[in-house]
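I opened a new notebook page for this structure. My entries follow in the order in which I looked things up.

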Amino acid sequence: MRPPEVFVRELRPDEGQRLKRLSKTSKVASTRQRAMILLASNTLMSAPQIAAMLLTDESHVRKVIHDFNRHGWDSLRPRFRGGRPRRISIDDEHRIVAVAGARPDRLGVPFTQRTRSWKQSPDRDYEAKAARILALYREQPEDGVVISFDEKGPESLCPKHGRGWARQGRPERHRATYNRRHGVRYLVGALDVHADYLRIRPRPHRNGASTLAFMKQIRLAYPKQIRLYWIQDGLSSHWIPEIRAFAEANNMELVPTPTYASFLNRIESTFGAIDEFVCKNSDYIDWDAFGYALARHVQHRNTPAERERRQLEAAKRRERRAAKKARELKLVA
């Protein structure tokens with residue numbers, strides 16, 4: 001029998017921001033991957049979808065989600081094997097961290113301490129906006145499609161660290177880049193949530209005109225009678241009057257994510273996969289080479305066989321939800 005679907009527990013805004021930061025800045029590859037798995041699961045992506053996106057195993061995805069739901073943040077730390085036995089226990093580590101994190105003046109030491117700030121969503125409509133987005137993820141509207149839109153960047157042409165195969169003692173060397181004359185690019189992308197089809201373009205600028213031009217391209221990809229539910233964050237260039245007018249005149253509904261909660265935008269997880277498989281461990285000579293590699297990756301993830309498999313998985317999930325709801329209604333009656 002197929003294993004039942006599993007999803008990460010509901011994340012608080014600060015937890016979502018922490019996972020997003022770990023997925024980009026952690027020095028440990030396994031931690032970055034686990035954070036991306038949890039972020040994708042938070043947007044109601046199934047284990048097969050996440051495994052296909054990150055090129056990993058479905059059982060590993062389910063294990064990461066189960067471990068986080070049971071053990072919390074400690075599950076993101078890899079347990080490296082080998083080496084000498086541990087001299088301190090986990091409880092000792094927690095006590096050391098508690099002492100190190102306490103203010104010096106509270107421990108009787110006449111020093112101050114450097115502090116770090118973080119962002120908590122001040123959006124008064126956080127629950128309503130999050131519920132609206134998750135409802136669109138759970139069930140495709142009968143009159144339209146759900147589009148997750150966002151931008152990534154800036155990206156520059158320079159050698160980037162990553163993982164790869166090399167002979168022992170002969171690692172790949174990165175060239176020096178004293179001069180960078182190719183400028184930067186921003187990646188604008190739109191993900192058809194229920195068809196799991198990605199469209200992405202590199203653009204030289206990030207502004208309202210660039211966003212509107214890309215929105216017009218996506219609108220042309222669907223018949224006019226199909227309504228587009230366009231999920232995007234609160235960046236000011238995404239909400240200029242021209243974009244609002246175009247959406248109103250072309251059968252589109254703009255659905256905002258809560259403030260400081262862009263991790264609810266499903267395309268963020270897709271950008272994480274692009275960063276791992278296109279940007280890292282790369283040294284593109286020009287933007288044409290970068291665009292070719294990006295197109296190859298997107299073509300691979302959008303293959304008809306992959307899309308058909310994902311659509312079948314989505315149909316099965318809808319059937320299971322409908323059967324579960326019917327059983328609940330019978331019990332109530």
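**Entry 1: Ser-282**

I began with a single side chain and asked which residues Ser-282 touches, leaving out residues up to four places away in sequence. I found Cys-158, Pro-159 and Lys-160. I note here that the model is predicted.

Next I looked up where Ser-282 sits, and found it in the loop between α9 and α10, the latter covering residues 287-301. Is Ser-282 buried or exposed? Its relative accessibility is 9%, and buried means under 20%, so I put Ser-282 down as buried. I also checked its polar side-chain atoms, and one of them lies 2.3 Å from the backbone oxygen of Cys-279.

**Entry 2: the chain as a whole**

I then stepped back to the whole protein chain. I counted 11 helices and five strands. The chain has 333 residues, of which 43% count as buried. Along the principal axes, the C-alpha atoms fill a box of roughly 70 × 65 × 45 Å.

I also looked at how far apart in sequence the contacting residues are. Taking contacts between residues at least 6 apart, I noted that 72% join residues at least 24 apart.

**Entry 3: α2 against α9**

I turned to helix α2, residues 29-42, and its packing on helix α9, residues 267-279. The axes are 9 Å apart and the angle is about 155°. The crossing of α2 past α9 is left-handed.

Which residues make this contact? From α2 I listed Arg-32, Met-36, Leu-39 and Ala-40, and from α9 I listed Ser-269, Gly-272, Ala-273 and Glu-276. Sorted by class, the contact of α2 with α9 holds four nonpolar residues, two polar and two charged.

**Entry 4: α2 against α3**

I stayed with α2 and looked up its packing on helix α3, residues 47-54. Here the angle is about 140° and the axes are 10 Å apart. That angle makes α2 oblique to α3. I recorded the crossing of α2 and α3 as right-handed.

On the α2 side the contact is made by Gln-33, Met-36, Ile-37, Ala-40 and Ser-41, and on the α3 side by Ile-50, Met-53 and Leu-54. The class count for α2 with α3 came to six nonpolar, two polar and no charged residues. Looking back at both lists, I see Met-36 and Ala-40 of α2 in the contact with α9 and also in the contact with α3.

**Entry 5: backbone checks**

I went through the backbone with one background point in mind: most residues other than glycine have a negative phi, and most peptide bonds are trans.

What is the phi of Leu-44? I read a positive value of about 70°, and Leu-44 is not a glycine. Leu-44 lies in the loop between α2 and α3. At 19% relative accessibility, I counted Leu-44 as buried.

Leu-55 also has a positive phi, near 55°. I placed Leu-55 in the loop between α3 and α4, with α4 at residues 58-71. Its relative accessibility is 56%, so Leu-55 counts as exposed.

Last, I looked up a cis peptide bond, the one joining Gly-153 and Pro-154, with omega about 10°. Pro-154 is in strand β1, which runs over residues 144-156.

How values were computed: Residues numbered from 1 in each chain as written. Predicted model: local features only at pLDDT ≥ 70, side-chain atom pairs only at ≥ 80, totals over all residues. Heavy atoms only, no water. Axes fitted to C-alpha atoms, helices over the stretch in contact; angles between N-to-C directions. Helix = DSSP H or I, 4+ residues; strand = E, 2+ residues; numbered from the N terminus. Left-handed = near helix turned anticlockwise from the far one by under 90°. Contact = heavy atoms within 4.5 Å. Nonpolar A, V, L, I, M, F, W, Y, C, P; charged D, E, K, R; others polar. Buried < 20%, exposed > 50% of the residue type's maximum accessible area, 1.4 Å probe, protein only. Polar contact = N/O pair within 3.5 Å; in protein donor to acceptor, adjacent residues only side chain to side chain. Parallel < 35°, antiparallel > 145°, perpendicular 65-115°, else oblique.
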